[in-house]
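Visitor: I am new to this structure and would like to learn how to read its features one at a time. Could you show it to me and then take my questions?

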Amino acid sequence: MSNGKDANATDDSSSQITLKESLDECMEALDLFLNNHFTESLERLRPRVNESMYHALIYATVLEMQAMMTFQHDDISNAGNTMKSAQEVCQRFRRKSLGLANKSAGESITEEQLHAEVCYAECQLQRAALTFLQDENMVSFIKGGIKVRNSYLIYKELHSFIKSHQCLKGPSHIHLEGGISFGIGAFNLTLSLFPPRILKVLEFAGFSGDKEYGLSLLHDGATAMNLRSMLCALLLLCYYTFLTFILGTGEGEVGEAERLLKPFQLRYPRGAIFLFFAGRIEEIKGNIDEAVALFEDGCKAQQAWKQFHHMCYWELMWCFTYKRAWKMAYFYADLLSQESRWSKAMYVYMKAAYLSMLPKDEARPFGEDEVDLFRQVPTFKQKIAGKSPPTEKFAIRKARRYKGPRPVRLPVPVLEMMYMWNGFSMISKRPELTEGMMQTLVEAERTLLESPENEYFVDDRCLIHLLKGLCLKNQGLLDAAEECFNKVCSSEKKIRFDHYLVPNSLVELSLLYVDQGRRNEAIKVLHKAKQNYKDYSMESRTQFRVHAALAKLEAHPGDEEDTHL
C-alpha cells in the first residue's frame, strides 16, 4: 500500500505496508476489540491511521461505536473528525477517473483501488450517522442524507462490477466481498423496513429494499472469515433481536440469531457484546432469569467501556418490569439517569413511572417522589437530527398530567411504555408473567372506575382495554382480546388526548386476525390504520409496524413501481 502521495505508485519501500498486511493487522485489532481489550485494539491501529485505509477506517469505526454509546458531544465530534480523516486517506487510494467498468485494459482498476472504493463508501455511511447525531438543523440532516445516497451508489456500482467479467479476483478478494456484502445487505435490509412514504422523504423514492436478499448477503458476510464479518453479524443480531420487535410485528427470528451467535460465543466466551446479545435472546424466549444472569455477566466482563453496561442496564430494567419487580426496575432506571446521556428524559420518566406503581404507603427509594420526577421530565428534552426522539416526546406529553397543582395520576405508565417497546410479546411464552400483568391491569381498572371521572377517563379506560387485549391474546382468549381492541376503536370520538390508541388497536386487531387466518380482514384493518390516522404519538413506529404486517401478508400495494436495489 502506498504512503498516500501517489495511489498508483509501485510499492517498493519495505517500510510501507501491503494490503494483505494491513488487513491482517486490522483483523488482529478487531480480535482484541471483541475480547474486550478496547484500548489495546486502538493502540494497535493508531500508528498507521495516516497511511493505511483499513487502519484509518477501523480506528474511526471503533471511536464511532464509543461515541454512539457515550453520546458525549466531544466524543461524537472527535469520531466525526477521525472518520473524515479516514475518508481522506481512502480518497488518496481511489481511482482518479470516474467509473469502475467499461475501461480499456490499460486503465484496469487495481485490487487496492477497489478496496479504497468500499472503504470510502463505508466512511461516507458512518459520517452520515454521526451527522444525524451531531447537528440539530435541517441543512445538516440533508447533508447526511446526501452522504447516505452517495455511499449507496458506490456500493451499487461495486456490486455490479465484482460480478462482471472485468473484475479479476485478487488475494484479498474475500475482504472486498465482505465489505460489499455488508453495504448492499445493510441497504437492502434497512430500506425494506421503511414504509414508502418515509422513503420518499429520505430521497429514496422508487426504491424498496429486498429484505431476503439483504439478509442473505449479510449472512454470507457474517459467516465468512473477513474483516466485516463482525459488522454483518452485529447488524443481523440487531435485526433479529431488536428491529423485528420495535419496528415489526414482534416475531424475532430467535433460531437464526442463536445460530449466528454460537461461533462468536465459542471464540469470544467473555466478549461483552456477545454476552449482551445472548441475554437478549433468552429475554425473547421468555427465560427472564437466564437473561438477567447474562446481562449481569456482560457488565462484569469488562470495566473499560461503561457504555456497554448501559445497554445491559436498559434490558435489565425491562426484565424486572416483566417480573413486576418495580423497585429493581427503578434501580436500573436510576443508574441510567445518572450515568447515560442517551435519553435522560426517558430514564427520569421511567423512574417516576416505577414509583407510581408502588402502593401509596410504601417507602420510596432514596426518598424520591414520583410527582417531582414527572415534573422534571421536560427539562431533559434533547434533539437528535433536529428533532426530539419520539419516545421522549411521548414521555414529556404523558408527564404533563403532573404539571399542575392537582396532578392527575397515570393509571399504568410502566405497562404503557412497555407496550411501546413491544414488551407484551416478550412475556407471551410465560403464562405466569402475562397473568401478573393482567392482575395489575384489573387493579388499575378497578381504581379508575372507583375514582371521580376526569377529562382523561375515557383515554385511560381505552389504554387499559388495549393492554388487557394483549394479555388475553397471550392467554389464547382471542374472542375476548378482539372485544377489548374493538372497545378502543368504538370510543374513537370520545378520546381526547391519546389518539395513538385507535391506530395501535387496529394494528393489534389485524395481528389477531392473522393468527385466526382472517387474512382479508387483517389487510383491510391495516389499510385503515395506515390511511385514516395522522399526527398522533409515536406515529412513525406504528407506520413501521403496519408496513411490516402488510409485507408479511404480501399485501403491500406500493405507492409506485418498486425497483429493487
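Predicted model: local features only at pLDDT ≥ 70, side-chain atom pairs only at ≥ 80, totals over all residues.

Visitor: How many helices and strands does the protein chain have?

Guide: Helices and strands are read as DSSP runs numbered from the N terminus, a helix being H or I with at least four residues and a strand being E with at least two. In the protein chain there are 25 helices and two strands.

Visitor: What percentage of the residues in the protein chain is buried?

Guide: A residue is called buried under 20% relative accessible area, exposed over 50% and partly exposed in between, using a 1.4 Å probe and protein chains only. By that reading, 58% of the 565 residues in the protein chain are buried. The accessible surface, computed by the Shrake-Rupley method with a 1.4 Å probe where, for residues, only the protein chains shown count as cover, comes to about 24,700 Å² for the protein chain, and 51% of this belongs to carbon and sulfur atoms.

Visitor: At what angle do helix 7 and helix 9 pack?

Guide: Two packed helices are described by the angle between their axes and the distance between the axes. Each axis is a line fitted to C-alpha atoms, for helices over the stretch in contact, and the angle runs from 0 to 180 degrees between N-to-C directions. Here helix 7 (residues 173-193) packs against helix 9 (residues 211-223) at about 150°, and the axes are 7 Å apart. Residues in the contact, which means heavy atoms within 4.5 Å, include Phe182 and Leu189 of helix 7 together with Tyr213 and Leu217 of helix 9. Sorted by class, the contact has eight nonpolar, six polar and one charged residues, where Ala, Val, Leu, Ile, Met, Phe, Trp, Tyr, Cys and Pro count as nonpolar, Asp, Glu, Lys and Arg as charged, and the others, Gly among them, as polar.

Visitor: How many salt bridges are found in the whole structure?

Guide: A salt bridge is a side-chain nitrogen of Lys or Arg within 4 Å of a carboxyl oxygen of Asp or Glu. A search of the whole structure finds 30 of them. One joins Glu51 and Arg48, with N to O at 3.0 Å; Glu51 is partly exposed at 24% relative accessible area, and Arg48 is partly exposed at 23%.

Visitor: Are Glu416 and Lys398 buried or exposed?

Guide: Glu416 is buried at 2% relative accessibility, and Lys398 is buried with a relative accessible area of 2%. These two residues form a salt bridge whose closest N and O atoms are 3.0 Å apart. The pair links distant parts of the chain, with Glu416 in helix 19 (residues 413-420) and Lys398 in helix 18 (residues 390-399), 18 residues apart. A network of salt bridges links Arg397, Lys398, Glu416 and Asp498.

Visitor: Which parts does the salt bridge of Lys468 and Glu445 tie together?

Guide: The closest N and O atoms of Lys468 and Glu445 are 2.8 Å apart. Lys468 lies in helix 21 (residues 457-474) and Glu445 in helix 20 (residues 431-450), so the pair ties together parts that are 23 residues apart in sequence. Lys468 is buried at 16% relative accessible area, and Glu445 is buried at 10%.

Visitor: What phi does Phe366 have?

Guide: Most residues other than glycine have a negative phi. Phe366, although not a glycine, has a positive phi of about 60°, and it lies in the loop between helix 16 (344-356) and helix 17 (370-376). Asn422 also has a positive phi of about 60°, and its place is the loop between helix 19 and helix 20. Phe366 is exposed at 62% relative accessibility, whereas Asn422 is buried at 9% relative accessible area.

Visitor: Which residues does Ser337 contact, leaving aside neighbours within four places in sequence?

Guide: Ser337, which lies in helix 15, is in contact with Lys344, Tyr347, Val348 and Lys351 when those neighbours are left aside. Ser337 is buried at 8% relative accessibility.

Note on methods. Residues numbered from 1 in each chain as written. Heavy atoms only, no water.
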